[in-house]
There are 2 protein chains.
Amino acid sequence: MAMILILGAGVMGTALAVPASDNGHKVLLAGTPLDAVPVARMKAGGTHPKLDAPLSEKVTILADEELGAEHAEAADLVVVGVSSPGIAWAVNRLNGLLRSKKAVAFVTKGLDREGERIVTYAETLPPQIANMESFIGIGGPCIARELANRCPTSSIYASRDRAAAAFAAGLMRAPFYRLALSEDVTGVEACAALKNFFAIGVSAMQTRYPDRLRADCQSRNPTAAAFNQAAQEMALLCERIGGSRASAFDLAGIGDLHVTVGGGRNSRLGHGLGLGHTVSEVMAGELGGETVEGIDTARIVGSLLRQIDNAATLLPLATAITTAVLDGGAFSFDFQRI
Amino acid sequence: MAMILILGAGVMGTALAVPASDNGHKVLLAGTPLDAVPVARMKAGGTHPKLDAPLSEKVTILADEELGAEHAEAADLVVVGVSSPGIAWAVNRLNGLLRSKKAVAFVTKGLDREGERIVTYAETLPPQIANMESFIGIGGPCIARELANRCPTSSIYASRDRAAAAFAAGLMRAPFYRLALSEDVTGVEACAALKNFFAIGVSAMQTRYPDRLRADCQSRNPTAAAFNQAAQEMALLCERIGGSRASAFDLAGIGDLHVTVGGGRNSRLGHGLGLGHTVSEVMAGELGGETVEGIDTARIVGSLLRQIDNAATLLPLATAITTAVLDGGAFSFDFQRI
């Protein structure tokens with residue numbers, strides 16, 4: 001059996017401890033400085049505040065200050081479970097912890113700029129982490145609470161180093177956690193970030209054209225049209241970022257977009273935009289104090305769109321989302337453009 | 001302005017009269033022998049029993065016995081709006097009606113066998129209808145009631161005769177009815193039929209793993225995984241039938257699958273299967289007397305699967321659906337296979 005070190009005791013880091021420990025591995029689940037509350041609760045044998053089920057006794061909970069290089073040294077695989085605001089902490093910690101080469105798998109999603117180029121963590125993180133042997137990106141439709149409850153979930157592990165992705169997936173795969181492999185790590189990472197962004201626009205369609213005869217008041221045709229439009233635009237942007245179009249039409253793209261629309265913070269922002277509110281109104285209201293990853297992605301997508309001729313024609317949904325997020329006005333999506 | 005003859009006064013035929021008449025065209029909406037009730041109601045100025053909004057006065061309602069060759073002769077475009085059980089009536093009527101070459105657009109979806117080959121209406125109907133100048137297939141995510149209410153809807157008009165598809169789309173396109181064009185008519189037709197079939201399996205996931213903490217009790221990860229799996233399998237089957245994989249990842253495939261899962265008869269059958277009922281139990285119960293198009297498609301897909309090596313491995317979701325439908329047992333989908 002192996003030893004798996006998970007950095008970040010948020011919902012996703014904690015959920016990943018479930019298949020890992022079910023597989024018989026020893027798991028070290030280390031909180032960030034922001035995870036003091038869940039760390040204290042789980043150390044006392046309780047559940048993570050946002051999850052339902054207790055962890056196996058094979059999982060050892062560590063506070064940030066308890067985590068040392070000896071833990072990393074003992075680990076066969078390191079998994080980074082933080083969201084994008086935690087990535088600087090994770091990079092810093094990994095540089096202090098890793099004394100020998102290790103594969104590191106990231107669920108963290110985000111896009112960044114390198115000059116004019118738009119890049120993913122698959123490009124930006126490897127040069128920053130001295131002893132990271134291979135970068136593995138984890139994508140696909142996974143609500144952490146459902147994974148933690150062993151609800152069947154499919155994900156995709158991607159790495160240029162196929163053996164590393166296969167090794168990580170081999171440790172993590174469980175009957176309820178089905179894992180595909182991909183070498184298109186840039187595409188998987190790009191889609192994983194873009195899906196948050198597009199979920200804002202697709203979710204806006206769920207509220208913009210209400211159907212009073214349905215229990216949830218949501219019409220279906222506009223949402224399906226926008227879902228399809230998002231898939232096409234995600235494929236185009238994925239390719240521009242250096243990934244394969246096919247990744248947009250697979251687990252990290254349409255699969256994850258499917259699960260992201262209709263739930264979560266990006267979707268709630270979209271619902272507000274669909275009702276005619278501005279981003280700042282929604283963020284000052286029901287999403288006050290929350291991190292909405294699609295907003296950060298919108299800033300990057302905005303600069304990518306400026307590099308594409310006829311972006312407004314080729315990418316009308318992306319254009320409408322970036323305009324609402326960056327210019328702060330109402331979400332105005334001309335349905336006739338798609 | 002043009003004259004458009006619509007055959008079939010069911011919900012879809014009637015809904016298509018809305019963009020057609022909004023565009024200023026004269027519309028003849030002719031009922032089948034089974035449409036006596038809606039025809040009588042709409043002739044009296046009322047609405048179709050399953051729709052909300054009255055039709056424009058530009059729409060003339062005809063009972064089956066009132067429809068004659070002079071109506072077809074005056075039409076610039078004929079649209080067949082029946083579902084698959086009505087296709088024999090439509091073919092028979094078209095052969096009696098069409099005295100000169102006309103383009104005919106079909107919303108009817110289905111697969112058929114020609115010996116060992118699986119074919120779509122794009123292959124089977126043209127030889128059966130003497131004066132059909134071009135076959136146009138209509139696909140994409142369109143709930144008829146929403147279209148009739150002018151809720152934004154995207155569809156795709158496909159024909160080997162691109163000019164014919166463009167002509168039909170040009171007559172029908174409206175601000176709320178956005179139309180893409182495709183030359184992959186076999187792919188669009190195949191996907192339009194397959195999406196009903198796959199919606200059964202994806203919808204089964206909505207009920208199989210309930211999440212008691214959600215208002216709708218539906219977990220999300222298994223459905224998204226199955227949606228993605230359905231898209232991949234639809235692409236593979238579409239290619240086998242002679243269409244392009246790309247059509248599965250566009251409006252007629254993922255777009256229409258998106259709208260079909262969670263609503264309609266195929267989905268309700270899936271929900272029953274997800275709860276452990278057999279097809280015959282569901283069809284004897286809440287779906288008694290209803291046509292579930294995915295069941296007919298399952299018979300054809302079953303024979304297609306028998307021609308594919310390793311079908312159970314390559315197409316686990318299709319295999320599980322056909323097994324449940326054809327063998328009559330419980331729906332048993334091994335999530336570990338995907």
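Author: Terms come first. A cavity is a set of points, on a 1 Å grid over the protein atoms alone, where a 1.4 Å probe fits but cannot get out; lining residues have an atom within 4 Å of a point. Grid points are joined across faces, edges and corners, and a volume is the space filled by probe spheres set on the points. This is a predicted model: local features need pLDDT of at least 70, side-chain atom pairs count only at pLDDT 80 or more, and totals for chains, interfaces and linings use all residues. Residues are numbered from 1 along each chain as its sequence is written.

Reader: How many cavities of 30 Å³ or more are there?
Author: The count is 1. About 40 Å³ of space lies in the largest cavity.

Reader: Which helix gives the most to its lining?
Author: Helix H1 (residues 11–22) of chain B, with 3 residues. Helices are DSSP runs of H or I, at least four residues, numbered from the N terminus. The lining includes B:Ala17, B:Pro54 and B:Arg150.

Reader: New topic. At what angle do H9 and H14 of chain A pack?
Author: About 80 degrees, with their axes 12 Å apart. Axes are lines fitted to C-alpha atoms over the stretch in contact, and angles run from 0 to 180 degrees between N-to-C directions. H9(A) is therefore roughly perpendicular to H14(A); that label covers 65 to 115 degrees.

Reader: Which residues make the contact?
Author: H9(A) brings A:Leu237, A:Arg240 and A:Ile241, and H14(A) brings A:Val301, A:Leu304 and A:Leu305. Contact means heavy atoms within 4.5 Å.

Reader: And which rotation superposes chain B on chain A?
Author: One of 180 degrees, with 0.0 Å of shift along its axis and RMSD 0.0 Å.

Terms used. Chains are lettered from A and ligands numbered from 1 in the order in which they are written. Side-chain values use heavy atoms; hydrogens and water are left out. Helices (H or I, at least four residues) and strands (E, at least two) are DSSP runs, numbered from the N terminus. Angles under 35 degrees count as roughly parallel, over 145 as roughly antiparallel, 65 to 115 as roughly perpendicular and the rest as oblique. Copies are superposed by least squares on the C-alpha atoms of residues with pLDDT of at least 70 in both. On a 1 Å grid over the protein atoms alone, a cavity is a set of points where a 1.4 Å probe fits but cannot get out, and a pocket is an open set with protein on both sides within 12 Å along at least five of seven lines; lining residues have an atom within 4 Å of a point.
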